[in-house]
Amino acid sequence: MAYSTLQDLIKRYGESDIVKLTDRTNRPPTTIDQSLVDEAIASADAEINMYLPTRYKLPLDKVPLPLIKASCILAYANLNPKQAKDAPEMIQADKQRAILEKLSEGKITLGLTIDNTEAELADTVQISEGRKDWERNY
């Protein structure tokens with residue numbers, strides 16, 4: 001199961017950027033090379049899957065938004081293999097890897113249980129009427 005699609009990449013980065021990165025035959029670039037996009041997404045998703053099994057049962061039933069974002073960012077970086085380490089795409093990819101690391105350590109969560117069902121909320125704030133702790137008495 002792919003965490004992102006070509007449409008997700010286009011929505012995030014724009015069609016012209018994806019055309020420029022994937023059309024390696026036409027000058028100027030005119031079309032998206034779907035096979036390069038699929039390869040970049042597959043690589044990104046494989047990287048994500050290295051972090052998930054410690055906390056979640058794969059494949060996930062539904063792809064949470066944070067994983068779509070991570071997949072897009074990592075796939076975009078995969079389409080830019082010659083970029084310098086301090087290029088914005090690479091910095092964003094490194095940030096996503098740090099988030100995935102925290103996810104695998106249990107420091108953050110996708111809001112799912114190990115069985116891929118939505119986790120119940122815990123430690124929620126409760127509000128009740130009757131007390132006026134913030135009212136000033138003049």
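Q: Is Met90 buried or exposed, and in which element is the place of Met90?
A: This is a predicted model, and every value below is computed from it. A residue counts as buried when its relative accessible area is under 20%. Met90 has a relative accessible area of 13%, and therefore Met90 is buried. Its place is in helix H5, which covers residues 88-105.

Q: Which residues does Met90 touch, not counting residues up to four places away in sequence?
A: A contact means heavy atoms within 4.5 Å. With sequence neighbours up to four places away set aside, Met90 touches Ala77, Asn80, Gln83, Ala84 and Lys85. A separation between C-alpha atoms is another way to relate two positions: for Met90 and Tyr76, which are 14 residues apart along the chain, it is 9.1 Å.

Q: Where does Asn80 lie, and which residues does Asn80 touch beyond those up to four places away in sequence?
A: Asn80 lies in the loop between H4 and H5. Apart from residues up to four places away in sequence, Asn80 touches Leu21, Glu89 and Met90.

Q: How many helices and strands does the protein chain have?
A: The protein chain has five helices and zero strands, and from the N terminus on the order is α-α-α-α-α. Of its 138 residues, 33% count as buried. Among contacts with a separation of 6 or more, residues 24 or more positions apart account for 64%.

Q: Which residues of the largest nonpolar core have the most contacts inside it?
A: A nonpolar core is read through its members and through the elements that supply them. The largest nonpolar core has 32 residues, and Ile48, Leu52 and Leu67 have the most contacts inside it. Two or more residues of this core come from each of H1, H2, H3, H4 and H5. H4 gives the most, with eight residues. Leaving aside neighbours within four places in sequence, Leu67 is in contact with Tyr3, Ile48, Leu52, Leu60, Leu100 and Leu110.

Q: What is the relative accessible area of Ser71, and what is that of Arg55?
A: The two residues illustrate two classes of accessibility. Ser71 is in helix H4; its relative accessible area is 0%, so Ser71 is buried. Not counting residues up to four places away in sequence, Ser71 touches Tyr3, Ser4, Ile41, Ala44, Asp45 and Ile48. Arg55 is found in the loop between H3 and H4. Its relative accessible area is 38%, so Arg55 is partly exposed. Arg55 and Glu105 are 50 residues apart in sequence, with 8.1 Å from C-alpha to C-alpha.

Q: Which residues line the largest pocket, and what is its volume?
A: A pocket is described by its volume, its lining and the classes of the lining residues. The largest pocket has a volume of about 170 Å³ and is lined by Asp8, Lys11, Arg12, Leu65, Ile68, Lys69 and Cys72. Helices H1 (6-13) and H4 (65-78) each supply at least two residues of this lining, and H4 gives the most, with four residues. By class, the lining has three nonpolar, no polar and four charged residues.

Q: Where is the peptide bond from Arg27 to Pro28, and what is its omega?
A: Most peptide bonds are trans. The bond from Arg27 to Pro28 is cis, with omega near 0°, and Pro28 lies in the loop between H2 and H3. A cis peptide bond also joins Leu58 and Pro59, with omega about 0°. Pro59 is found in the loop between H3 and H4.

Notes
Residues are numbered from 1 along each chain as its sequence is written. This is a predicted model: local features need pLDDT of at least 70, side-chain atom pairs count only at pLDDT 80 or more; totals for chains, interfaces and linings use all residues. Side-chain values use heavy atoms; hydrogens and water are left out. Buried means under 20% relative accessible area, exposed over 50%, partly exposed in between (1.4 Å probe, protein chains only). On a 1 Å grid over the protein atoms alone, a cavity is a set of points where a 1.4 Å probe fits but cannot get out, and a pocket is an open set with protein on both sides within 12 Å along at least five of seven lines; lining residues have an atom within 4 Å of a point. Grid points are joined across faces, edges and corners, and a volume is the space filled by probe spheres set on the points. Ala, Val, Leu, Ile, Met, Phe, Trp, Tyr, Cys and Pro count as nonpolar, Asp, Glu, Lys and Arg as charged, and the others, Gly among them, as polar. A nonpolar core is a set of buried Ala, Val, Leu, Ile, Met, Phe, Trp, Tyr and Cys residues joined through side-chain atoms within 4.5 Å.
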